[in-house]
Amino acid sequence: MSRVIGLIFILGYLVLCFATLAYWLPNFFAINFLLPPEASYRYLTATGLPFGLLLVTVIARQSLKGFFSITMFFQVFTGAALLYAALYAFYYPQQANFFCAAHLLICGCGIAWNLYHHRKELARYERAAVAAAA
């Protein structure tokens, strides 16, 4: 049963990832076409790229597990909630600065954490496959 739930959530993460990248990013650049891109963390947050990268690393890591991980779910939930709050308060800098910085911190830490553990789990998976083949 937990394998089925894990697969359902992997598909959910995948759909959320494509929705973030396919819907929000073109709209963001179409609306801000005449404005030059800023080198600021608020602009980076509003593109949705950090959240998309977080979703990709969660999908990659969850695909090796075979069961649902509540930790990765909370990473995605926290990142999505902070992204929503940052976009909602985007034109109020006092609130947006906090939410954008917190979103980037959560996404950056989550990406680093997931990549590190994905590499370890992939090495463990490959060792088990070699041992099974021998």
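The model is predicted: local features need pLDDT of at least 70, side-chain atom pairs count only at pLDDT 80 or more, and totals for chains, interfaces and linings use all residues. Residues are numbered from 1 along each chain as its sequence is written, and side-chain values use heavy atoms, with hydrogens and water left out. The chain has five helices and zero strands; helices (H or I, at least four residues) and strands (E, at least two) are DSSP runs, numbered from the N terminus.

**Overall make-up**

- Along the sequence, the pattern is α-α-α-α-α.
- The C-alpha atoms fill a box of roughly 60 × 25 × 25 Å, taken along the principal axes.
- Of the 134 residues in the chain, 34% are buried; buried means under 20% relative accessible area, exposed over 50%, and partly exposed in between, with a 1.4 Å probe and protein chains only.
- Among contacts in the chain with a separation of 6 or more, 75% come from residues 24 or more positions apart, where contact means heavy atoms within 4.5 Å.

**Helices H3 and H5**

- Helix H3 (residues 49-65) and helix H5 (residues 93-133) have axes that come within 9 Å and cross at roughly 25 degrees. Axes are lines fitted to C-alpha atoms, for helices over the stretch in contact, and angles run from 0 to 180 degrees between N-to-C directions.
- H3 is therefore roughly parallel to H5; angles under 35 degrees count as roughly parallel, over 145 as roughly antiparallel, 65 to 115 as roughly perpendicular and the rest as oblique.
- The residues of this contact of H3 with H5 comprise 13 nonpolar, six polar and three charged. Ala, Val, Leu, Ile, Met, Phe, Trp, Tyr, Cys and Pro count as nonpolar, Asp, Glu, Lys and Arg as charged, and the others, Gly among them, as polar.
- Residues of H3 in the contact include Phe-51, Leu-54 and Arg-61, and those of H5 include Leu-104, Trp-113 and Glu-121.

**Aromatic rings**

- The whole structure holds four aromatic pairs. Rings of Phe, Tyr and Trp (its six-membered ring) pair if their centres lie within 6.5 Å; planes under 30 degrees apart count as stacked, over 60 as edge-to-face and the rest as tilted.
- The Tyr-84 and Tyr-88 pair is stacked, because the ring centres are 5.9 Å apart and the planes lie at 20 degrees.
- Both Tyr-84 and Tyr-88 belong to helix H4 (residues 70-88), four residues apart, about one turn of the helix.
- Tyr-84 is exposed, at 57% relative accessible area, and Tyr-88 is exposed at 65%.
- Phe-73, Phe-74 and Phe-77 are linked into a cluster by ring pairs.
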